[in-house]
Amino acid sequence: EDISDEIAENAIHIQDASKMLLALINDILDMSKIESGKMEIVPIQYETGNMFSELVNLIWIRAHEKKLEFKLDISPEIPSMLYGDEVRIKQIVTNLLSNAVKYTQKGTVSLSVDGRIEGRKAVLKFAIQDTGIGIKEEDISRLFKEFERIEERRNRNIEGTGLGINITTQLLLLMGSRLQVESVYGEGTTFTMIIEQEIINETPLMLTEDSEERNKIRKSVFV
């Protein structure tokens with residue numbers, strides 16, 4: 001409480017550097033697991049409302065710090081309880097949303113989730129869109145390479161390891177999916193993927209204005 005502004009600022013820098021180091025270590029560990037064939041998908045039952053709330057909670061803070069608008073569009077027809085690897089889904093979507101925020105200086109970052117029912121499976125389509133710097137068409141394939149950072153000189157002040165998209169791609173492959181990229185250089189990028197999950201409770205989320213699930217997510221986004 002009695003520290004100087006200089007010490008407080010240094011403490012923030014140390015905390016930021018620690019977070020970057022932890023992210024780097026986690027990325028390298030994940031790549032080691034993938035390359036050694038030790039990465040596994042561990043399915044559990046989970047509540048979709050809680051998952052979306054946790055996903056949004058972290059990202060909207062980062063977007064708010066950069067004065068970006070964060071938009072959320074979740075289909076109310078998505079079942080309220082599913083069976084799958086919730087942890088890896090959150091890792092994938094958080095990674096893509098974090099990149100969207102990092103590479104967007106003004107405008108909007110959005111997450112939309114649509115879904116349809118096929119028997120006892122929910123087919124979820126995730127789309128992460130931004131109004132950021134965009135990617136040249138000839139550079140899109142480089143996104144998926146390890147330790148590859150596009151336009152390094154232009155983006156030298158943006159933190160990153162060049163592993164995130166590669167890890168995301170590998171995790172999606174383990175889940176029977178793949179990452180699609182559409183981008184207009186200088187205007188923005190959209191990442192989409194389709195993930196199938198087993199249905200435990202087919203009762204839809206029904207994100208009405210007064211629903212409990214909507215209020216949970218509202219606390220994260222709209223406060």
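Helices (H or I, at least four residues) and strands (E, at least two) are taken here as DSSP runs, numbered from the N terminus. With that convention, the elements of this chain run α-β-α-β-β-α-β-β-α-β-β-α from the N terminus on. That order comprises five helices and seven strands.

Colleagues, please note that this is a predicted model, in which local features need pLDDT of at least 70 and side-chain atom pairs count only at pLDDT 80 or more, while totals for chains, interfaces and linings use all residues. Residues are numbered from 1 along each chain as its sequence is written, and side-chain values use heavy atoms, with hydrogens and water left out.

I begin with the chain as a whole. It has 223 residues, and 43% of them count as buried; buried means under 20% relative accessible area, exposed means over 50%, and partly exposed lies in between, computed with a 1.4 Å probe and protein chains only. The accessible surface comes to about 13,000 Å², and carbon and sulfur atoms hold 50% of that surface. These areas come from the Shrake-Rupley method with a 1.4 Å probe; for residues, only the protein chains shown count as cover. Turning to contacts (heavy atoms within 4.5 Å), among those with a separation of 6 or more, 73% are between residues 24 or more positions apart.

I now come to the salt bridges, each defined as a side-chain nitrogen of Lys or Arg within 4 Å of a carboxyl oxygen of Asp or Glu. How many does a search of the whole structure find? The search finds four.

One of them pairs E54 with K90, whose closest N and O atoms are 2.5 Å apart. This pair links distant parts of the chain, since E54 belongs to helix α2 (residues 48–65) and K90 to helix α3 (residues 86–102), 36 residues apart. E54 is partly exposed, at a relative accessible area of 44%.

Another joins the side chains of R116 and E118, with 2.7 Å from N to O. R116 is partly exposed at 46% relative accessibility, and E118 is partly exposed at 40%.

A further salt bridge brings together the side chains of R120 and E202, at 3.5 Å from N to O. R120 sits in the loop between β4 (108–118) and β5 (121–130) and E202 in strand β7 (residues 188–204), so this pair ties together parts 82 residues apart in sequence.

Finally, salt bridges that share partners join E54, E86 and K90 into one network.
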